[in-house]
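Biologist: Could you help me learn to read aromatic rings and helices in a model? I am new to this.

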Amino acid sequence: MAFYAFYVVAIIILILHFTGWLKRNNLEWVVLVLAVATFPAVLLLR
């Protein structure tokens, strides 16, 4: 269940990134955190 919740959050972050909302609010670092968290999430949550 946590694996699917991670992917829902990832999709929301990507949508906010491509719409420019993250850049306007100086939250582009969230995309980098998502990229770093993806590998452990796939290994540990699956």
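Modeller: Happy to! Keep in mind that this is a predicted model.

Biologist: How is a pair of aromatic rings described?

Modeller: A pair of aromatic rings is described by the distance of the centres and the angle of the planes. Here the count comes to 3 aromatic pairs. In one of them, F3 and Y4 have ring centres 5.7 Å apart and planes at 75 degrees; that angle is over 60, so the pair is edge-to-face. F6 and Y7 are edge-to-face too, because their planes stand at 85 degrees, with the centres 5.9 Å apart.

Biologist: Which residues do the ring pairs link into a cluster?

Modeller: The cluster is made of F3, Y4, F6 and Y7. F3 is buried at 10% relative accessibility, whereas Y4 is exposed at 54%. Y7 is partly exposed, with a relative accessible area of 35%.

Biologist: What span should helix α1 have?

Modeller: Helix α1 covers residues 2-19, and at 1.5 Å a residue its 18 residues should span 26 Å. The end C-alpha atoms are 26 Å apart, so the model agrees with that expectation.

Biologist: Where around α1 do its buried residues lie?

Modeller: The buried residues of α1 are F3, F6, A10 and I13. They lie on the same side of α1, because they cover an arc of only 85 degrees around the axis. Among the elements that cover them are α2 (21-24) and α3 (29-45).

Biologist: And what comes just after α1?

Modeller: There you find G20, which takes a positive phi of about 90 degrees.

Methods. Residues are numbered from 1 along each chain as its sequence is written. This is a predicted model: local features need pLDDT of at least 70, side-chain atom pairs count only at pLDDT 80 or more; totals for chains, interfaces and linings use all residues. Side-chain values use heavy atoms; hydrogens and water are left out. Rings of Phe, Tyr and Trp (its six-membered ring) pair if their centres lie within 6.5 Å; planes under 30 degrees apart count as stacked, over 60 as edge-to-face and the rest as tilted. Buried means under 20% relative accessible area, exposed over 50%, partly exposed in between (1.4 Å probe, protein chains only). Helices (H or I, at least four residues) and strands (E, at least two) are DSSP runs, numbered from the N terminus. The expected span of a helix is 1.5 Å times one less than its number of residues. The arc is that of the directions from the helix axis to the C-beta atoms. Contact means heavy atoms within 4.5 Å.
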